[in-house]
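Visitor: Hi! I'm new to this one, could you walk me through it?
Guide: Happy to. Let's bring it up and start with confidence.

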Amino acid sequence: MTTIETPSASGALSAPVVDTGIIDVDIHPLPKVGLIDTYLPKRWREHIREYGVRTTNGLQTIGEYPQMYGGAMRADAWPDSGYPGSDLDLIKKQLLDLHDVQLGVLQCLSPGGQTLNPASQALNPELGAVLCTAINDWQLEHLVYPEPRLRAAIQVTLDTPELAVSEIKRVGSDPGVVAVLGLSKTLEPLGNRRYWPIYEAAIEAGLPFQFHLSTGGGHANTGTGWTSYHTEYHVGHVQSFQSQLLSLILSGTFDRFPELKIMFVEGNIVHFAPLLQRLEYHWKTLRSEVAHLERKPVEYIRDHIWASTQPIDEPEDPAHLLEMIEEFCPDNVLYASDYPHFDFDSPETVFPRSFPSELREKILRTNGQRFFGLEVTQ
């Protein structure tokens, strides 16, 4: 098992500095086959080799629907050996250097404890925890420490809170870590009190949360059951983000944790605005049920809820994109490239030509400075 001596390995790192470049909140590294095994104790290497990894769909190597061609990766992002996102030189060439990314946040979705799905974390929490630890150590050692423009959002076993808290305490203070990574589909809505100890641990470590759109979760993938087609599933993906937003606000979680910051990653932007309008309308007539709330529901957005651009919404009239961002919160939208996936959004081309330059700069830089608690430069 590889062990990282965090103080010495990360000693050269200081707080990220973003002044003239941009912040990319959505980069997906993927280690070479077998590499993560070197970070696992012998017991768990043998366990996986003999028994595999149990997931909610019964199949270890695929999701709820067949994987997209090439793992949904850009053709030019494949290194000579390994997978897209595993080669630091390619990440520098195709993203950091080319687009002047001064802070790129790694969100490693596979492999690792979170790819077991939350239900499976609960079924075998110790395995989920050691896989999260392994992937966190791998991305720090192989990507973050050699390249200070990269930082990690760490995996945790969200549905086994005591193990999640332990991992945050183990590595959350490392200067290479800037966020805690969660998946959008959880066993319970995120406002449930089972998650409160994790929020408390993250706040103590000074870390926000990035919840990435996900499959799995142990439940049907819509509010009415299972879908028949991948297209149906793909379009309806964002229902999970909507449910999570409502839960976090109405449960009073943000009143309990006024420093808690949540980012929803890779689930578009414009659908949040009409959801908030509907929430405001019904809160006015049903507010006696949630009398514990200290503010109007929409007032929690600016201080607590962020959303990323990827995949950017492209209405026929570009003005409609601007309208929806303004209605959601223009100070709480951040740029996400989704590198190295095929639907990568370049910061040079992601916005319509008519997009206001001041808002563009907010999304590319200053909004992210505020989210990650960095010094805000003008």
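Visitor: What pLDDT does the protein chain average?
Guide: This is a predicted model, and its protein chain averages a pLDDT of 88. Of the residues, 88% score at least 70.

Visitor: And where is the pLDDT below 50?
Guide: That is over residues 1-8. Beyond near neighbours in sequence, this stretch has 15 contacts in the model. Where pLDDT is low, though, the predicted coordinates should not be read in detail.

Visitor: Okay, new topic. How many strands form the open sheet?
Guide: Eight, with parallel pairing, in the order β1-β2-β3-β4-β5-β6-β7-β8.

Visitor: Which are the edge strands?
Guide: β1 (22-27) and β8 (333-334), each of which pairs on one side only.

Visitor: How many bridges do β6 and β7 pair over?
Guide: Three: β6 covers residues 262-265, β7 covers residues 305-308, and they run in the parallel sense. F264 has A307 in β7 as its bridge partner.

Visitor: What lies across β3 and β4?
Guide: Helix α6, residues 161-171, lies across β3 (150-155) and β4 (177-183). The helix runs at about 155 degrees to β3.

Visitor: Now the inside. Which residues touch the most other members of the largest nonpolar core?
Guide: That core has 86 residues, and the ones touching the most other members are Y199, F209, L245, I262, F264, I305 and F328. Helix α5 (residues 125-144) gives the most to this core, nine residues. Apart from it lies another core of 17 residues, including V105 and V265.

Visitor: What does I262 touch?
Guide: Leaving out residues up to four places away in sequence, I262 touches F209, F211, L248, F254, H304, I305, W306 and F371.

Conventions: Residues are numbered from 1 along each chain as its sequence is written. This is a predicted model: local features need pLDDT of at least 70, side-chain atom pairs count only at pLDDT 80 or more; totals for chains, interfaces and linings use all residues. Side-chain values use heavy atoms; hydrogens and water are left out. A nonpolar core is a set of buried Ala, Val, Leu, Ile, Met, Phe, Trp, Tyr and Cys residues joined through side-chain atoms within 4.5 Å. Buried means under 20% relative accessible area, exposed over 50%, partly exposed in between (1.4 Å probe, protein chains only). Helices (H or I, at least four residues) and strands (E, at least two) are DSSP runs, numbered from the N terminus. Contact means heavy atoms within 4.5 Å. pLDDT is the predictor's confidence in each residue, from 0 to 100. Two strands pair if DSSP finds at least two bridges between them. Axes are lines fitted to C-alpha atoms, for helices over the stretch in contact, and angles run from 0 to 180 degrees between N-to-C directions.
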